[in-house]
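Okay, thanks for coming, everyone.

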Amino acid sequence: FFIRQHGYRWYRKVPRIGEEGAKRLVAWLQQHEASLGPVASTALAPRLQLGTAVTNPAPSMGVVPLERLVVPSTRSGEVGQNRAPVATCAIDARNDYQAIHAWLALYTPAIDGVTGESHGSAHTWRAYRKEAERLLLWSLFERHKALSDLDALDLAEYRKFLFAPGALFVGSRTVPRWSEHWRPFEGPLAPRSRHAAETICKALFAWLVQVGYLRHNPWVQVRGGRRAQPLQELRSLSDHQWGLVRQWLEALPAGPATRRLQFMFRLAFVTGMREAELAAARVGWLHQDIDAGGELVWNLHVVGKGQKEREVPL
């Protein structure tokens, strides 16, 4: 089950087992398939070498990713209780599934064919898809209602659900979306994540009202809100903690991988850049400047969240 869940690179989750050792173990399992059961094809080759039948499974009805979800016809929302008159709807959506995709299309990243500039953030789009996907799946298979049938009481229950998602909705973070073991949650959400989920869902419903797909936004009637974040949830390291990290980094065996890791940690510590910004940074963003004292200094030109630009001193 573990190998089936994590695929060809499953051995990375097990200490002291490398790729060769994993291959020998899988070969042994293949020799004993008669008694142990067949070895999953995903454990025999990397994803790029797998057939499309494995990485693009057929659509199904259940807790599956949005792109291959089959919505029960009785919960499609085509005649949802909160549906506005079709004649006044500004989007071409006959049901909730199509309406969600119309909303997500507003945030789909694209590249201008003339200027070459990118528009939209892939990170934002994935975050919006994740929360819309979670809410829709919960509505269909936990609440047994169409999204456009949800009322304030339902959404209050969804808020509670985020504290402790049921076993049907929880899986491992490393499972790919095409796997049968994929699930929309990894476990209970932290306060910050619950607030983000609710904010995105509210924005979805507000837009559906704005374009005339829904009559009203039931989130407006849900009482309660975000409480102040306790100090222990601050995402930063103390000087002592950073010292421990540096000791660990310096004790790693020498090699290219260690040098990359040490560089990544130093760059993150010095600049305070977001994870996505660190991953997108390019050498071409570096440039030299003269500081107030006449010294030559290096700056990094960063394009951050919302395409906002800023200078980060190094």
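What follows is a quick walk from the inside of the fold to its salt bridges.

First, the ground rules. This is a predicted model, so to speak of local features we need pLDDT of at least 70, side-chain atom pairs count only at pLDDT 80 or more, and totals for chains, interfaces and linings use all residues. Residues are numbered from 1 along each chain as its sequence is written, and side-chain values use heavy atoms, with hydrogens and water left out.

Let's start inside. A nonpolar core here is a set of buried Ala, Val, Leu, Ile, Met, Phe, Trp, Tyr and Cys residues joined through side-chain atoms within 4.5 Å. Buried is under 20% relative accessible area, exposed is over 50%, and partly exposed is in between, with a 1.4 Å probe and protein chains only. The largest such core has 43 residues, and L135, Y158 and Y213 have the most contacts inside it. Helices are DSSP runs of H or I with at least four residues, strands are E runs of at least two, and both are numbered from the N terminus. At least two core residues come from each of α5, α6, α7 and α8, with α6 giving the most, eight. There's also a second, separate core of six residues, including I3 and W10.

Now α8. This helix has 20 residues and reaches 28 Å from first C-alpha to last, close to the 28 Å expected at 1.5 Å a residue; the expected span is 1.5 Å times one less than the number of residues. Among its buried residues are R194, E198 and W207, and the cover over the buried ones includes α5, α6 and α7. Just after α8, G212 takes a positive phi of about 85°.

On to charges. A salt bridge means a side-chain nitrogen of Lys or Arg within 4 Å of a carboxyl oxygen of Asp or Glu, and that rule gives eleven. What links E67, E133 and R177? A network of salt bridges. In the R177–E67 pair, the closest N and O atoms are 2.7 Å apart, and the partners sit 110 residues apart, R177 in the loop between α7 and α8, E67 in the loop between α4 and α5. E133, in helix α6, counts as buried because its relative accessibility is 2%.

Last one: R310 pairs with E277 at 2.8 Å between the closest N and O atoms. R310 is in strand β5 and E277 in helix α11, so this pair ties together parts 33 residues apart in sequence. E277 is buried at 4%, while R310 is partly exposed at 31%.

Methods: Contact = heavy atoms within 4.5 Å.
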